[in-house]
Amino acid sequence: MSAALLEKLKLAVKDAPDFPRPGILFKDIMPIFQDPKLVAETCRALTDEVAKVGKPDVVIGIEARGFLIGPIMAQQMGIPFVAIRKKGKLPRECFSVKYEKEYGCDEFDMQKDALTPGQKVVVVDDLLATGGTLEAAAKLCQMAKASVLTHCVMFELEFLNGRGSLADPVVSLVRY
């Protein structure tokens, strides 16, 4: 990734203190999506980093911000996109997993027929904090007998050591 892209990303992200609750410094990535060229450049940089790890069969996007970059990355790589959604948002039979995140508990679903055994996936989200969300996604992949090639995020909060809680490699562009 170029130094210019790194600088553009850092400038685009806005800090939101005490959101969603007191004591949390939220990194608001939404301004990135006001610049279509920056979105394309960011997704290309992520795709290039994933290619260094290997060739995935599927991109999995985690609700909701993984839905913003995951489909673009899947299109760039010419592979399918699969959604992981919050509990109760997907029709048909689903795998489910409960997990802890940095400020509470949640539950994710993935449709049982979304992956086939043996597929290699890249799990995409906007941010790696404590690792709970990505770990939950990896558990859903394991339930489907697929394997995580790598987790892929735009931003990583290194001081929370989320990478250390994950069994699979992590690709990130910006580290705080």
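This note comments on selected strands, a helix and some backbone details of the structure above.

1. Basis of the note. The structure is a predicted model, in which local features need pLDDT of at least 70, side-chain atom pairs count only at pLDDT 80 or more, and totals for chains, interfaces and linings use all residues. Residues are numbered from 1 along each chain as its sequence is written, and side-chain values use heavy atoms, with hydrogens and water left out.

2. Strand β7 and its partners. Helices (H or I, at least four residues) and strands (E, at least two) are DSSP runs, numbered from the N terminus. Two strands pair if DSSP finds at least two bridges between them. β7 pairs with β3 in the parallel sense over four bridges, and isoleucine 60 stands opposite valine 123 in β7. β7 and β8 also run parallel, joined by eight bridges; here valine 122 stands opposite threonine 150 in β8. From β7 the chain crosses through α4 to β8, in a right-handed β-α-β crossover (with the strands pointing away from the viewer, the path from the first strand over the helix to the second runs clockwise).

3. Burial of β7. Seven of the nine residues of β7 are buried, so this strand is largely enclosed by the rest of the structure. Buried means under 20% relative accessible area, exposed over 50%, and partly exposed in between (1.4 Å probe, protein chains only).

4. Helix α4. This helix covers residues 132–143, and its 12 residues reach 17 Å from the first C-alpha to the last, close to the 16 Å expected (1.5 Å times one less than the number of residues). Its buried residues include Leu134, Ala137 and Leu140. Among the elements that cover the buried residues are β3, β7 and β8.

5. Lysine 145. This residue is found in the loop between α4 and β8. Lysine 145 has a positive phi of about 65° although it is not a glycine. Is lysine 145 buried or exposed? It counts as exposed, because its relative accessibility is 61%.

6. Glutamine 111. This residue is found in strand β6 and is buried, with a relative accessible area of 17%. Leaving aside neighbours within four places in sequence, glutamine 111 is in contact (heavy atoms within 4.5 Å) with Leu90, Pro91, Arg92, Glu93 and Cys94.

7. Backbone details to inspect. A cis peptide bond, with omega about 5°, joins phenylalanine 19 and proline 20. Proline 20 lies in the loop between β1 and β2, where aspartate 18 is also found. Aspartate 18 is not a glycine, yet has a positive phi of about 60°. The peptide bond from glutamate 63 to alanine 64 is also cis, with omega near 0°, and alanine 64 is found in the loop between β3 and α3.
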